[in-house]
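Colleague: I have a new model open on my screen, and I would like to learn how to read it. Could you walk me through it?

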Amino acid sequence: MATCEGSEARAALERSVLNRVPPLLTDLYQFTMAYAYWRAGRHNEPAVFELFFRDNPFGGGFSLIAGLSDCLLFLQNFAFSDDDVEYLRSILPAGTDAAFFSYLKELDCSSVSVSAVPEGSVVFARVPLLEVSGPLAVVQLLETSLLCLVNYASLVCSNAARFRLAAGPRRRLMEMGLRRAQGPDGGLTASRYTYIGGVFVIISPTSVQFSLRFIVGSRLRYSYYWIAFTSHAITQIYFILCFSVCSFSVPQFESLIIVGTNSISEQSLAELNKKDNEIDVVGVGTHLVTCTRQPSLGCVYKLIEVRGRPRMKMSEDPEKSTLPGRKSVYRLLDADGHPHMDLICLSEEPAPKAGVSLNCFPLGLNKTLQTVTPAQVTSLRLDVFTCGQITFPLNSASESRERAQMSLQTLHPHHKRLQEPHDYTVALSERLHSLVSDITKGNSKGSNFLLSN
């Protein structure tokens with residue numbers, strides 16, 4: 001395995017993001033909302049949104065966050081060209097004020113800031129992954145693109161981590177999904193983020209003799225193959241180089257790598273581990289890159305503060321209600337170094353301290369006050385984008401992969417179980433729980449605390 005990093009790699013990644021995620025990759029709804037804010041004179045009000053998901057994917061106990069580098073490059077380059085604005089003029093209602101299009105021509109993310117959980121980190125449902133602050137109309141316009149960049153990347157990265165766990169420590173996994181991916185962008189995105197999740201990406205940039213024996217179903221066959229499972233484009237964009245493969249001849253069979261592939265799923269990997277076999281490498285494609293067990297992570301992007309006042313979306317389904325106000329998130333570790341709780345606090349609260357007991361309210365129905373004493377405390381989110389500039393080093397794919405493996409290693413085995421994992425606790429501080437209660441009670445009395453989106 002080798003990687004090419006530095007300015008050349010970043011430039012290639014930036015070109016890829018600009019080509020794949022132009023500022024018009026969004027919903028017309030976002031421009032309708034932005035126009036409404038502009039007409040009401042509210043477009044420059046300071047606002048805060050946060051991005052999170054409501055349930056861990058695949059019935060599992062964890063997820064991995066991915067797509068952050070793409071988000072930061074998208075934000076840094078966000079601006080509408082003259083052609084973009086003219087196109088918007090052609091599709092918005094004829095009565096749209098012409099001054100609104102002049103306003104769009106001047107928009108960028110120079111007043112936007114973001115804090116986020118680093119890419120490759122283990123994350124859990126309801127924990128805010130990104131907090132995006134800036135002028136109300138601008139941060140509204142970012143919603144669809146940010147969700148698009150985080151949703152699939154995190155889902156396929158998490159899927160890869162589960163495949164890696166199912167394969168066991170001995171066997172290597174090869175990503176072979178380009179032929180089955182949802183289009184070329186889906187294939188390239190899957191290649192980067194399955195690599196971060198723990199699967200090797202296979203490419204063929206050089207001619208290296210390699211000995212392979214293919215097992216197809218229960219039938220063994222020998223053939224001459226030029227193996228190019230994933231497009232050369234992945235090396236040009238993401239600089240991931242794992243190993244190269246080409247044709248072989250019969251005398252080379254004395255040194256064999258045995259590769260098995262046949263519509264491999266997480267379940268069939270687990271079954272493979274129960275049987276005696278000599279398979280060294282398993283090729284995974286369709287079930288990995290298309291995430292057949294769950295097609296979407298379901299990330300959402302919700303308003304939590306306007307003009308310094310907390311905002312909360314209420315729903316008859318408690319799981320769809322949001323948590324108001326700007327927040328800090330801390331991971332509490334036990335004496336063995338395993339994460340045992342993520343604590344969500346209001347941003348102005350002091351950070352919890354190791355060895356000091358605290359009261360909290362776990363999320364979920366009928367969860368009551370608990371007292372915990374963490375052995376260690378880490379802050380989960382970092383400032384990554386400040387006033388239009390990237391302020392946290394962009395990780396290479398190999399760096400994000402290393403973070404993912406380290407993060408997974410610290411997780412207790414009962415949270416990593418592929419079947420019936422233990423629930424991981426996400427809890428609210430006393431002050432945040434009290435704010436939620438106050439807003440909920442105020443809403444029943446007609447308070448204007450609420451502004452759902």
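Modeller: Let us go from the whole chain to salt bridges, and then to a pair of helices.

Modeller: Please keep in mind that this is a predicted model.

Colleague: What share of the contacts comes from residues 24 or more positions apart?

Modeller: Among contacts with a separation of 6 or more, such residues account for 78%.

Colleague: Now to salt bridges. How many are there in the whole structure?

Modeller: For these we look for a side-chain nitrogen of Lys or Arg within 4 Å of a carboxyl oxygen of Asp or Glu. A search of the whole structure finds 14 salt bridges. One of them joins Arg20 and Asp70, with the closest N and O atoms 3.3 Å apart. Arg20 belongs to helix H1 (residues 7–20) and Asp70 to helix H3 (residues 68–76), so this pair ties together parts 50 residues apart in sequence.

Colleague: Which other residue forms a salt bridge with Arg20?

Modeller: That is Asp185, where the closest N and O atoms are 3.4 Å apart. Asp185 sits in helix H8 and Arg20 in helix H1, so here the parts tied together are 165 residues apart in sequence. Asp185 counts as partly exposed, at 37% relative accessibility. Taken together, Arg20, Asp70 and Asp185 are linked in a network of salt bridges.

Colleague: Which strands are joined by the salt bridge of Glu50 and Lys327?

Modeller: The side chains of Glu50 and Lys327 meet at 3.1 Å, N to O. Glu50 lies in strand E2 (residues 46–52) and Lys327 in strand E16 (residues 327–333), so the pair links parts 277 residues apart in sequence. Both Glu50 and Lys327 are buried.

Colleague: Let us turn to helix packing. At what angle do H8 and H12 pack?

Modeller: Helix H8 (residues 183–197) and helix H12 (residues 397–410) pack at about 40°, and their axes are 7 Å apart. The two helices are therefore oblique to each other. On the H8 side, the contact is made by Arg192, Tyr195, Ile196 and Gly197; H12 brings Ala397, Ser398, Ser400, Arg401, Ala404 and Gln405. By class, this contact has 4 nonpolar, 4 polar and 2 charged residues.

Colleague: Could we zoom in on one of these? Which residues does Ser400 contact, leaving aside its neighbours within four places in sequence?

Modeller: Ser400 has its place in helix H12, and it counts as buried because its relative accessibility is 0%. Beyond those neighbours, Ser400 is in contact with Glu119, Gly120, Ile196 and Asn395. Ile196 is also one of the H8 residues in the contact with H12.

Conventions. Residues numbered from 1 in each chain as written. Predicted model: local features only at pLDDT ≥ 70, side-chain atom pairs only at ≥ 80, totals over all residues. Heavy atoms only, no water. Axes fitted to C-alpha atoms, helices over the stretch in contact; angles between N-to-C directions. Helix = DSSP H or I, 4+ residues; strand = E, 2+ residues; numbered from the N terminus. Parallel < 35°, antiparallel > 145°, perpendicular 65-115°, else oblique. Contact = heavy atoms within 4.5 Å. Nonpolar A, V, L, I, M, F, W, Y, C, P; charged D, E, K, R; others polar. Buried < 20%, exposed > 50% of the residue type's maximum accessible area, 1.4 Å probe, protein only.
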